Amino acid sequence: TTIAAVVPAAGVGARMGLNHPKQYLKIGDKTVLEHTLGKLAQVPQLTKLYVAVSETDGYFDELDLSGLAVSRVTGGQERSDSVLNALLAMQSTAPDWVLVHDAARPLVEINDITNLIEQCLTHQEGGILASKVKDTIKRGTSHSEETVPRATLWQALTPQFFPYHQLLNALQQAQQNNAQITDEASAVELAGQPVRLVSGRSDNIKITTPEDYALASFLMSQQSK
Ligand code: CTP
Ligand code: MG
């Protein structure tokens, strides 16, 4: 079974509010993106890493990625466009499965990644890392209209892991239907196909705001101990 990794890293990081994309923020002596790629490089099942980077990105080529089997591919307008571009870029040497992992999630643990891969291969269906919602969840705008029962609510994380052709078809279909999707699983759900929920660590956070960056810096310093 061949598995390629796709790392969408073509966002601008608007919610971080910096003048450069958040994947190039430093934690210790390495950028967020280097930490993330370093994690994926430790997963023996992954044969190749494709990083989707903006056409105008001048930072990526300056990274020290020596020793990693990494290819730069061109990202797109939305995250799903970046992932689709990466899948199209590998079409001539298509792997059996693809593992998509956000550049902005450097805290992911290798154990969680291998667990996701093993469970999905065993059941022969796609799946994602997810963690059960811990807070009480309200629906509303200025006032709470409803408390949503949380027993069956999950927070979607990455990696998200699917057979190559299933994900390619689902993303193309979503694009044709102009569906707003923020992860791979939602495209597969729209195509009516199952997405296995594999419980993962909730500290696999996506660095989105300055608070997340502060927390990620702390967690990363704990991990490297
Ligand atoms: N991403 C991408 N291509 C896009 C948009 C996002 O590859 N057109 C990537 C980001 O680089 C990030 C991941 O998808 O690694 C998750 O997206 P998000 O956290 O939303 O990052 P940004 O879009 O960069 O941030 P923001 O939404 O605040 O602008
Ligand atoms: Mg975004």
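Me: Where does M90 lie?
Reply: The model is predicted, so local features need pLDDT of at least 70, side-chain atom pairs count only at pLDDT 80 or more, and totals for chains, interfaces and linings use all residues. Residues are numbered from 1 along each chain as its sequence is written, while chains are lettered from A and ligands numbered from 1 in the order in which they are written. Helices (H or I, at least four residues) and strands (E, at least two) are DSSP runs, numbered from the N terminus. M90 lies in the loop between α2 and β6.

Me: Is M90 buried, exposed or partly exposed?
Reply: Count C-beta atoms, placed from the backbone, within 10 Å of the residue's own: 20 or more others is buried, 12 or fewer exposed, in between partly exposed. M90 has 18 C-beta neighbours inside 10 Å, so M90 counts as partly exposed.

Me: Which residues is M90 in contact with, leaving aside neighbours within four places in sequence?
Reply: Contact needs C-beta atoms, placed from the backbone, within 7 Å. Y50 is 40 residues away along the chain, yet the two C-alpha atoms are separated by 8.5 Å. M90 is in contact with P95, A4 and Y50.

Me: Why are the buried residues of α3 on the same side?
Reply: In α3, the buried residues are I113, L116, I117 and C120. They share a side because they cover an arc of only 95 degrees around the axis, taken from the directions from the helix axis to the C-beta atoms. On the other side, N111, E118, T122 and H123 are exposed. Cover for the buried residues includes β1 (3-8), β7 (127-132), β10 (154-163) and β11 (196-199).

Me: What should helix α4 span?
Reply: The expected span is 1.5 Å times one less than the number of residues. Helix α4 (residues 164-176) has 13 residues, and its end C-alpha atoms are 18 Å apart.

Conventions: Contact = placed C-beta atoms within 7 Å.
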